[in-house]
Amino acid sequence: MTKADSLIRISGVDKRFANGTVALRDLSLDIGQRQFISFLGPSGCGKSTALRMIAGLTAPSTGSIEWSKESGAASKHVHDIGFVFQEPTLMPWATVFDNVYLPLRLVGTSRKAAQPLVEEALEQVGLANFAAVYPRELSGGMKMRVSIARAMVTRPRVLLMDEPFAALDEMTRVKLNNDVLRLWSEHDLTVIFVTHSVWESVYLSNRIIVMAARPGRVVDDITISAPYPRDDEFRMSAEYAENCKQVSKALRSTLDGNDVDH
Ligand SMILES: Nc1ncnc2c1ncn2[C@@H]1O[C@H](COP(=O)(O)OP(=O)(O)OP(=O)(O)O)[C@@H](O)[C@H]1O
């Protein structure tokens, strides 16, 4: 990767918590602009910790995380990030509109000024007609769409997603995978996606960082070179099956148990 393509440079990062747990050891990664990267690994390998450090929510114990100056994000990168958690974390007392408006409200944008941005974000996830609805009236997949719209409303360049679809049924998950791929390509996003699922990581990503636990560390960095757009045909293809096999193998080599979905 040339320096110009590099967006985030993680160098020699360790994360040790106060109780002595080493969540990550010696993490070094160059994340390129417009990559779709998955962090894949068993429970406890430090995937969420890595994501939280990239978001600036927690600091490395040693090492550094630098944003490239070319990205224009070096000093204010927090505003360049959208974060989607495993739970949609919506405010139950607020409408879909107000939930999506929240990040803009927090930076002082008036409701009037925010309106077109909120409407656009809802449109992007197919919820243009649901602005006035309350979360309790929505399915799990729709709540997650609201959560994605809320992450997109600030027009981030980087979308961080922490096992966003783990709790959803298979069909909903497939649909949301396609939605995320569309958002990624239409908005020139860089996506960093945490998952336990080999199938999901191969479908979505062009790069998979395979991690192991105790201590959390990177054990493989696999390129998935299948072209985009990816669709059901790709899911059925020999190439997809072969990629899944390769990634599964890398993952199995890290495991002493069976705590990963295949
Ligand atoms: N605030 C904390 N204090 C102490 N230990 C922590 C803290 N947060 C995480 N850990 C520990 O650090 C390790 C890595 O946790 P992390 O949540 O990053 O893993 P993960 O790969 O995302 O796991 P999962 O897939 O289960 O979400 C685990 O052993 C976890 O118990």
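Around the ligand, helix 1 (residues 47-54) supplies the largest share of the shell, three residues. The model described here is predicted, and the points below are grouped by topic.

**The ligand shell**

- Of the 13 residues around the ligand, those that come nearest are Phe17, Ala23, Ser43, Ser48 and Thr49.

**Domains and their contact**

- The domain assignment of the chain gives domain 1, made of two stretches (3-73 + 157-252), and domain 2 (90-156).
- The contact between these domains takes eight residues from domain 2 and twelve residues from domain 1.
- On the side of domain 1 that touches domain 2, strand 6 and helix 5 are the elements that give two or more residues, and the largest share, five residues, comes from helix 5.
- The residues on that side of domain 1 divide into eight nonpolar, three charged and one polar.
- Taken over C-alpha atoms, the centres of domain 1 and domain 2 are separated by 25 Å.

**The nonpolar core**

- The largest nonpolar core has 66 residues, and those with the most contacts inside it are Val100, Ala149, Leu160, Val191 and Ile192.
- Helix 4 provides the largest share of this core, six residues, while the core as a whole draws at least three residues from each of domain 1 (3-73 + 157-252) and domain 2 (90-156).
- Leu160, which is among the core residues with the most contacts, touches Leu51, Ile54, Ala55, Ile81, Phe83 and Ile192 when residues up to four places away in sequence are not counted.

**Helix 4**

- Helix 4 (residues 140-152) has 13 residues, and from its first C-alpha to its last it reaches 19 Å, close to the 18 Å expected at 1.5 Å a residue.
- Because ten of the 13 residues of helix 4 are buried, this helix is largely enclosed by the rest of the structure.
- The buried residues of helix 4 are Lys143, Met144, Arg145, Val146, Ser147, Ile148, Ala149, Arg150, Ala151 and Met152, and Ala149 is also one of the residues with the most contacts inside the largest nonpolar core.

Technical notes. Residues numbered from 1 in each chain as written. Predicted model: local features only at pLDDT ≥ 70, side-chain atom pairs only at ≥ 80, totals over all residues. Helix = DSSP H or I, 4+ residues; strand = E, 2+ residues; numbered from the N terminus. Expected span 1.5 Å × (residues − 1). Buried ≥ 20, exposed ≤ 12 C-beta atoms within 10 Å, placed from the backbone. Near = placed C-beta within 6 Å. Domains from an automatic or database assignment. Contact = placed C-beta atoms within 7 Å. Nonpolar A, V, L, I, M, F, W, Y, C, P; charged D, E, K, R; others polar. Core = buried A, V, L, I, M, F, W, Y, C linked by C-beta atoms within 7 Å.
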